[in-house]
Amino acid sequence: MTMRYAMLVIGAALLASVPFLAPPYFMHIIIQILLWGFIYTAWSIMGRFGLVSLGHGAFLGVGAYVPALLWNYYTVTPWLGIPASVVLAVLLSVVIGYPCVRLRVVGHYFALVTLALSQVVMLSIVAARDVTGGSLGLTINNVGRSWYAFQFPGKTHFYAIAVVLWLVGLAVWHLVDRGVGREALDALSEDEEAAASIGISVMREKLRVTMISAALTALGGGLYAQYMMYINPETLSGIAVSLQVVFGAIVGGMYTLLGPTVGSLLTISLNEGLRVGFGTSFIGAANTIYGILLILCIIFMPRGVVGALQRLGRRKPPRAVAPAQ
Amino acid sequence: MDIYLLEAVINGILLGGVIALLALGLNLIFGVIDVVWIAYADLVMAGMYVLYGLYAQEHWPLALACLAAIASVALMGVLVHLLIIAPILGTAPINQLLATGGLLFFLQSFATLLFGTDFRNIGVRLPSFEVADMSISSARLLAFAVALVGAGGLWLFLRRTFIGTAIRAIAQDRAIVGLMGIDQRHVYLVTSAIGGALAGLAACLLSLQYDVHPFIGNTFGPLLFMTCVLGGLGDMIGGVVAAFVLSLIIAIGGYYWSTELSYVFAFTLFIVLMFIRPRGILVR
């Protein structure tokens, strides 16, 4: 207990000292790690139930584009735009999630349905190019430093926002973990009939985690857009980013609280490290290594880096990314 | 009927041939090994680069370069199975899907590393010809014909050879074929090689019509999975029907609205059909 407490204090001190110590470039990297860590955590809230979604690009896209469009065209403050996009993402997740849960669309069928959803959102954004700028992306109208517009040119504000957001993500993950109970969770993802027989409402629990995950993902997308001030359908929706989210969570380990964050830390620092190390002459080098690592990770460390480290300590039997149906 | 609409329909049908060929390859792997190769479209991309490298850069004869491209993608198929799928064959199917997702990242970035992000064309220009005021591209016609011949060849192979029969048997009942003296691992390797070869053939056909770039797989990959699933697992005729339905939707939609919107419509249709006909459009 004292050990945990000491680690918490050290962690908090480190997080608080970052804005005073880190140069802007590192601040930028840390903010990215926290924002994506939050999004990966949001994904793993449903991913660990065996609901492997390849559709989180859809929620990110809705989360990023709705507030940006409302601001650019109607100067609606992101304080309203972001909640609106979260509501929209939750509706979308219900429209897709309810029939999936109801009709038992699971495993790779679920993955493909959600993949289709992310394509629908991405292609709709591209198709509405008169409004959204299409593949060229959209720059959020800049008004300088403003709380109303949720725009802060320096890094400090967004660092604080990202830390709070990340902590909220961890808290929600923890609550979901506690709310259903670890045994119930495992039962649910391993054997639906068995879970139902011990009194777990499979449908309700699945739909609940889907909605929570979609809401947090849209929130993450919205804040990421406010931070970057530029959004693009390729980087915020569609197949590439959907897979990036899945892999970030899996590499870190989706069955543990900090796993997705570690995944974000590893993937983003690897990417940046290789980019700085190789320079632009080796475009693709980072993702080449990333791809190989992913394959190896899924084959040899299905529970991710954090899961593997924990197992070294505890020696539990290995378990797959998602249990067999 | 409007002549331009007719032209769009014909182009849709011609595109459907290549999509059908790829859907057959994916369906074969899906049906036999029970794996979704999410990087299947990127194997096609790799094949297009092999063809580009050998024909446009090394100046091999076109036919030889095509054969080499088909053979190397078939080899890639075998390697995908041996290195990625086989070690995790016993785990949940979704793991295999995700592992090939890693392959997708690898192939796309490796291609970027080798060739950059430029659009490249093998530089073979086949003439178009006019039929009743419609311009028909002979590259597309050729692709359609070869795709049909390829699909027919696959059908004959699956019907007439022992290994083909074994492949069909395994798709029907995985547990029993071992008792018939069929080596499952052998069947899986042959299936992966055929799946790869079909992707290689499609790569040659697509190279006649499109420029290759590292992310070309993202443009038609998702469509392929939809086609394959819509057709129904292991249902080859269903797969061909689904390929033509989807490519017609895209061609006609592209004529009336825009290409993106017609894709949006096709993907939405896919989601809806998954809910009302989860086992394929032809299954009652």
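The legends below describe close-up views of a predicted model. Local features need pLDDT of at least 70, side-chain atom pairs count only at pLDDT 80 or more, and totals for chains, interfaces and linings use all residues. Residues are numbered from 1 along each chain as its sequence is written, chains are lettered from A in the order in which they are written, and side-chain values use heavy atoms, with hydrogens and water left out.

**View 1. The largest cavity and its lining in chain A.** The structure holds two cavities of 30 Å³ or more, and the largest has a volume of about 70 Å³. A cavity is a set of points, on a 1 Å grid over the protein atoms alone, where a 1.4 Å probe fits but cannot get out; lining residues have an atom within 4 Å of a point. Grid points are joined across faces, edges and corners, and a volume is the space filled by probe spheres set on the points. Residues lining the largest cavity include Met46(A), His56(A), Phe59(A), Phe110(A) and Thr210(A). Helix H3 (56-74), helix H4 (78-102) and helix H5 (107-127) of chain A each give two or more residues to this lining. Helices (H or I, at least four residues) and strands (E, at least two) are DSSP runs, numbered from the N terminus. The lining has five nonpolar, six polar and no charged residues. Here Ala, Val, Leu, Ile, Met, Phe, Trp, Tyr, Cys and Pro count as nonpolar, Asp, Glu, Lys and Arg as charged, and the others, Gly among them, as polar.

**View 2. The second largest cavity, lined by residues of chains A and B.** About 30 Å³ of space lies in this cavity. Its lining includes Ile239(A), Ile38(B), Asp42(B), Leu104(B) and Phe225(B). Helix H2 (40-57) and helix H8 (216-231) of chain B each supply two or more residues, and H8(B) gives the largest share, five residues. The lining divides into six nonpolar, three polar and one charged.

**View 3. Helix H1 (residues 3-33) of chain B against helix H9 (residues 236-256) of chain B.** The two axes come within 7 Å and cross at roughly 145°; axes are lines fitted to C-alpha atoms, for helices over the stretch in contact, and angles run from 0 to 180 degrees between N-to-C directions. The contact of H1(B) with H9(B) involves 18 nonpolar, six polar and no charged residues. Of the 31 residues of H1(B), 25 are buried, so this helix is largely enclosed by the rest of the structure. Buried means under 20% relative accessible area, exposed over 50%, and partly exposed in between (1.4 Å probe, protein chains only).

View 4. Asp34(B) lies in the loop between H1 and H2 of chain B. Its phi is near 65°, a positive value in a residue other than glycine. At 27% relative accessibility, Asp34(B) counts as partly exposed.

**View 5. Cys228(B) in helix H8 of chain B.** Cys228(B) is buried, at 1% relative accessibility. The C-alpha atoms of Cys228(B) and Gly31(B) are separated by 10.0 Å, although these residues are 197 residues apart along the chain.

**View 6. Phe150(A) in the loop between strand S1 (138-139) and helix H7 (156-180) of chain A.** Phi of Phe150(A) is positive, near 55°, in a residue other than glycine. Phe150(A) is buried, with a relative accessible area of 7%.

Methods:
1 Å grid on protein atoms, 1.4 Å probe; cavity = no way out; pocket = protein on both sides within 12 Å on 5 of 7 lines; lining within 4 Å.
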